[in-house]
Amino acid sequence: MHGVLEEEVYMRQPPGYADKKTPHFVCRLDKALYGLKQAPRAWYSTLISQLKHFVFVASKADTSLFIYNKASTIIFVLIYVDDIIVASSSQSATNALLHDLSSEFSLKDLGDLHFFLGIEVKKVQYGIVLNQEKYATELLTRMGMKDCKPSPTPLYSLEKLSAFEGEPLKEEESTKYRSVVGTLQYLTFDTS
């Protein structure tokens, strides 16, 4: 983690590195350590300042998207926690950006994107195709519905639902229900 901390953070001396003369002393951190709750924000802030230095502009629609657009070169940088996706009109521009960022950060190039946040990415002749088949299949498997038959109307059309009928959900069932609803919302989210 390369983020510079904006606030004062102290920690006990790490085991094996404690000063025997002053074991009660604490360390003041200048940079974020992995696992520190301030680390993601500090790292993100450092990365953003570096991108702005390279004349990237933050997207107004998505706070994790940064865009470079000069002459005939356009580069998109999408940040999700500590993963970064770079898409560009020029391979040499991508290489230059990665080289510049590697002087400040420890980078690992994982090559072409194949799967990200439940979305499969496939290159085709004239672009890319995105799908969530694997994500949907994993949801069905997790819910024990892998072998269920599809239906255009998943609920009996004359069924009457009531908030007051039956027993309330138990905590475990309630958590599972909320998880499924969130997963379905993500699965059906339409960006068009």
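Which strands does helix H2 lie across, and at about what angle does H2 run to S6? Helix H2 (residues 91-102) lies across S5 and S6, and runs at about 150° to S6. Axes here are lines fitted to C-alpha atoms, for helices over the stretch in contact, and angles run from 0 to 180 degrees between N-to-C directions. Helices (H or I, at least four residues) and strands (E, at least two) are DSSP runs, numbered from the N terminus.

This is a predicted model, in which local features need pLDDT of at least 70 and side-chain atom pairs count only at pLDDT 80 or more, while totals for chains, interfaces and linings use all residues. Residues are numbered from 1 along each chain as its sequence is written, and side-chain values use heavy atoms, with hydrogens and water left out.

**The sheet**

Four strands form an open sheet in the order S3-S4-S5-S6, with antiparallel pairing. Strand S3 (57-58) and strand S6 (83-88) stand at the edges. Each has a single partner strand, so one side of each is left without a neighbour in the sheet. Two strands pair if DSSP finds at least two bridges between them. Strand S5 (residues 73-80) and S6 run antiparallel and are joined by six bridges.

**The core**

A nonpolar core is a set of buried Ala, Val, Leu, Ile, Met, Phe, Trp, Tyr and Cys residues joined through side-chain atoms within 4.5 Å. Buried means under 20% relative accessible area, exposed means over 50%, and partly exposed lies in between (1.4 Å probe, protein chains only). The largest nonpolar core has 14 residues. Leu47, Leu51, Phe56, Phe66, Val77, Ile79 and Leu97 touch the most other members. Helix H1 (39-53), S5 and H2 each supply at least two residues of this core. H1 gives the most, with four residues.

Contact means heavy atoms within 4.5 Å.

**Helix H2**

The expected span of a helix is 1.5 Å times one less than its number of residues. For the twelve residues of H2 that gives 16 Å, and the end C-alpha atoms are 16 Å apart, which agrees. Ala93, Thr94, Leu97 and Leu101 are the buried residues of H2. Seen down the axis, these buried residues fall within an arc of 100°, so they line one face of the helix. The arc is that of the directions from the helix axis to the C-beta atoms. Gln91, Ser92 and His99 are exposed on the other side of H2.

| Residue | Strand | Relative accessibility | C-alpha separation |
|---|---|---|---|
| Aspartate 83 | S6 | 37% | 9.9 Å to leucine 107 |
| Glutamate 120 | S8 | 23% | 7.5 Å to lysine 134 |

Aspartate 83 is partly exposed. Leaving aside neighbours within four places in sequence, aspartate 83 is in contact with Leu78 and Phe116. Glutamate 120 also counts as partly exposed. With the neighbours within four places in sequence left aside, its contacts are His114, Phe115, Val129, Leu130 and Asn131.

**The hairpin**

Strand S8 (residues 119-124) holds glutamate 120. Five bridges join S8 to strand S9 (residues 127-131), and the two run antiparallel. A hairpin joins S8 to S9 through two residues. Valine 121 stands opposite leucine 130 in S9.
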